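Good morning, everyone, and thank you for making the time.

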Amino acid sequence: MSTETITIAYTGNAVDDGKMAVSELAPALLALGNLVTECNTILNGSNSKINVYVKSDFEKGSFEINFDIIHSLVQQLNSLFKDDVSLADLLALIGIKTWQDAGGMVSACGSLITFIKWLGQGFITKIRRSNDKSGGVTVEKENGDTMFVSEKVLKLYRSYEVQEQMYKLLEPLEEDGISGFEVREHKEKTTVLRINAEEIAAFHPKEKQGKIVEEESRKTLLVNILNVSFEELKWRLSDGADRFYATMEDEEFVRRINAGDIAFKQGDTLRVELTTKQFIDKNGKISTEKKVTKVIEYIPRPENMQLPFVEDDEE
């Protein structure tokens, strides 16, 4: 049996006297137990059991939680043939245990909590696996920023259940008078991680925020202009086979239109660089967004029939 003790705290005027409403505390405690249990199941399998206990020595603004992980006979046999994540490493991967107590396993990659804080309300656009054997991946979000994390952290993040329980743990931050959530070093009571109330939006489950990038592609093609919206910059185009809407993101081309350098007529053609992104929501529904990132060439509709004239010296 392996046992770890952690200390978490809610801070703010509403809890300075060591009191916290049961309606806020009870769901948060239950969420913490569910969060650790679900993460353990994801990384160690359903045979690995974990129990969460609340210790009786409550202190002002904080309370200690004792974690026990119990290996069944089946789990012990399985552990002989695979590398299970230890209890200390599991808690460090989540972000509710100090880095020093996790053998340095996540010190270079960050935890689930720090990853979610970094991602904020954005979404993932690219994931690149490392060429070495570090077990890490480089994650890029829509503004181009990147973060290197353990692939185990990403595996936890992908779980809607983990996201839901993480949010419930932090949901008291939505209440007036509760300004922060802290993970504290158990013996010294020093704060090793803090989430401020204004950061709670980053922890709203992504299934409620909408979309996860599934695929992105770029290609050059010819399109006819069917309709133009100059306010929303949503253009209706045709590639000869399909009709679709695309957002015009070539600012220089839009400037030339606004300056009167280009006047569209029916039948005009554009050679464009088109970016297509596909998204999948929590119900498995696929949606597609198209963007014209660059207009390579504007091809006006021919006004007259083109005849194959040649010069005399070309015969």
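Let me begin with Glu297, which counts as partly exposed because its relative accessibility is 36%. Please keep in mind throughout that what we are looking at is a predicted model. The side chain of Glu297 meets that of Arg271 in a salt bridge, with an N to O distance of 3.1 Å.

Lys117 belongs to helix 4, residues 112-119, whereas Glu199 lies in the loop between strand 8 (191-196) and helix 7 (206-209), so that the bridge ties together parts that are 82 residues apart in sequence. Lys117 is partly exposed at 29% relative accessibility, and Glu199 is likewise partly exposed, at 25%.

The other is the bridge from Glu182 to Arg184, whose closest N and O atoms are 3.0 Å apart. Are these two residues buried or exposed? Glu182 is buried, because its relative accessibility is 9%, and Arg184, with a relative accessible area of 18%, is also buried. Glu182 and Arg184 are moreover linked with Arg194 in a network of salt bridges.

Let me turn now to a group of like charges. On the surface, Glu171, Glu174, Glu175 and Asp176 gather in a patch of negative charge. Glu171 is placed in the loop between helix 6 (160-170) and strand 7 (180-184), and with a relative accessibility of 35% it counts as partly exposed.

Finally, a word on Ser159, which is found in the loop between helix 5 (151-157) and helix 6. Ser159 has a relative accessible area of 12%, and so it is buried. Which residues does it contact, once its neighbours within four places in sequence are left aside? Ser159 is then in contact with Glu38 and Ile42.

That is where I will stop, and I am happy to go back to any of these sites in the discussion.

Key:
Residues numbered from 1 in each chain as written. Predicted model: local features only at pLDDT ≥ 70, side-chain atom pairs only at ≥ 80, totals over all residues. Heavy atoms only, no water. Patch = residues over 30% accessible without salt bridge, like charges linked within 9 Å, V, L, I, M, F, W, Y side chains within 5 Å. Areas by Shrake-Rupley, 256 points an atom, 1.4 Å probe, with all protein chains shown as cover. Salt bridge = Lys/Arg side-chain N within 4 Å of Asp/Glu carboxyl O. Lys, Arg positive; Asp, Glu negative; His and termini not counted. Charge placed at Lys NZ, Arg CZ, Asp CG, Glu CD. Helix = DSSP H or I, 4+ residues; strand = E, 2+ residues; numbered from the N terminus. Buried < 20%, exposed > 50% of the residue type's maximum accessible area, 1.4 Å probe, protein only. Contact = heavy atoms within 4.5 Å.
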